[in-house]
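Please read the text alongside the sequence and the structure.

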Amino acid sequence: MATAAARPLVSIRDFADSKKVAGTQALPSVFLAPIRPDVVHFVHTQVGKNHRQPYAVNRLSGAQTSAESWGTGRAVARIPRVGGGGTHRSGQAAFGNMCRGGRMFAPTKTWRKWQRKSNQNQRRYATVSALAASAIAALVTARGHRIDQVPEIPLVLSAGVEAISKTKEAIEVLQRFGAYEDVSRVKESKKLRAGIGKMRNRRYVTRKGPLVVYSEDNGITRAFRI
């Protein structure tokens, strides 16, 4: 995907009045970076592998039985078979990955290559590409964010917003600029995680909402906390 046609200037809006423009600012050059979903996806996949924990099956699993092949001449497969009698288990095939109670094919080992290296330039490229994509309303909407009422993307507010320390005031700011609809989408999206992760301290999943970027924390992190 080619470089996005970025605006040369972005409006700085008064956080107390949605209709008042306090000034303009040249859009940083990072927003002119090429949009490369392939690079972003590749780097995201590679970096995400660096948090995995090693796992493996027990090295004895499926092999804790005394079984020998019956050899040829008995019109059965030459797979090892459990000896003895007086039980259903005797005569059953063992050890093979196709056998009930047998070992898996190529048992997993803890010394697998878990981590992946990724080039520093690629990581930087992916970061600036993702940032540039976040300034294109069509791509942001395609990700599911509700920004129909937001006057401009990216939305830049005056520095006074950094002094907000109450969540009630933060909600009023978001509602004033039409961004609270996306927050509501996040609140409604909380669901039980599918799969075993719900038993491993990852019980719920939610969508992502607005990203707040600030220069100085004069109470803004407390106001916009989750």
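Helices and strands are named here as DSSP runs, numbered from the N terminus, where a helix needs at least four residues and a strand at least two. With these names, the place of Phe95 can be given as the loop between β4 (81-82) and α2 (120-133). Phe95 has a phi near 75°, which is a positive value in a residue other than glycine.

The model is predicted, and the confidence of the predictor therefore comes before the details. The mean pLDDT of the protein chain is 92, and 97% of the residues score at least 70. Among the elements of the chain, helix α1 (residues 37-48) has the highest mean pLDDT, 97, while β2 has the lowest, 88. Where pLDDT is low, predicted coordinates should not be read in detail.

**Sheet**

Three strands form an open sheet with the order β2-β1-β5 and mixed pairing. The edges are taken by β2 (21-26) and β5 (156-157), each of which pairs on one side only. Strands of a sheet pair through backbone hydrogen bonds, in a parallel or an antiparallel sense. The table sets out the two pairings of β1, which spans residues 9-13.

| Strand pair | Sense | Bridges | A bridge pair |
|---|---|---|---|
| β1 and β2 | antiparallel | 5 bridges | Ser11 and Thr24 |
| β1 and β5 | parallel | 2 bridges | Arg13 and Leu157 |

The peptide bond from Ile153 to Pro154 is cis, with omega near -5°.

**Aromatic side chains**

Which residues place a charged end over the ring of Trp70? Arg74 does so, with its charged end 4.0 Å from the ring centre. Arg81 also has its charged end over the ring of Trp70, at 5.3 Å from the centre.

**Second largest pocket**

What kinds of residue line the second largest pocket? By class, its lining has 14 nonpolar, 4 polar and 4 charged residues. The lining comprises 22 residues, and those nearest the centre of the pocket are Val183, Pro210, Phe224, Arg225 and Ile226. Helices α4 (167-176), α5 (180-188) and α6 (220-223) each supply at least two residues of this lining. The space in the second largest pocket is about 700 Å³.

Definitions and conventions
Residues numbered from 1 in each chain as written. Predicted model: local features only at pLDDT ≥ 70, side-chain atom pairs only at ≥ 80, totals over all residues. Heavy atoms only, no water. Pairing = 2+ DSSP bridges. Lys NZ or Arg CZ within 6 Å of the ring centre and 35° of its normal. pLDDT = per-residue confidence, 0-100. 1 Å grid on protein atoms, 1.4 Å probe; cavity = no way out; pocket = protein on both sides within 12 Å on 5 of 7 lines; lining within 4 Å. Points joined across faces, edges and corners; volume = space filled by probe spheres on them. Nonpolar A, V, L, I, M, F, W, Y, C, P; charged D, E, K, R; others polar.
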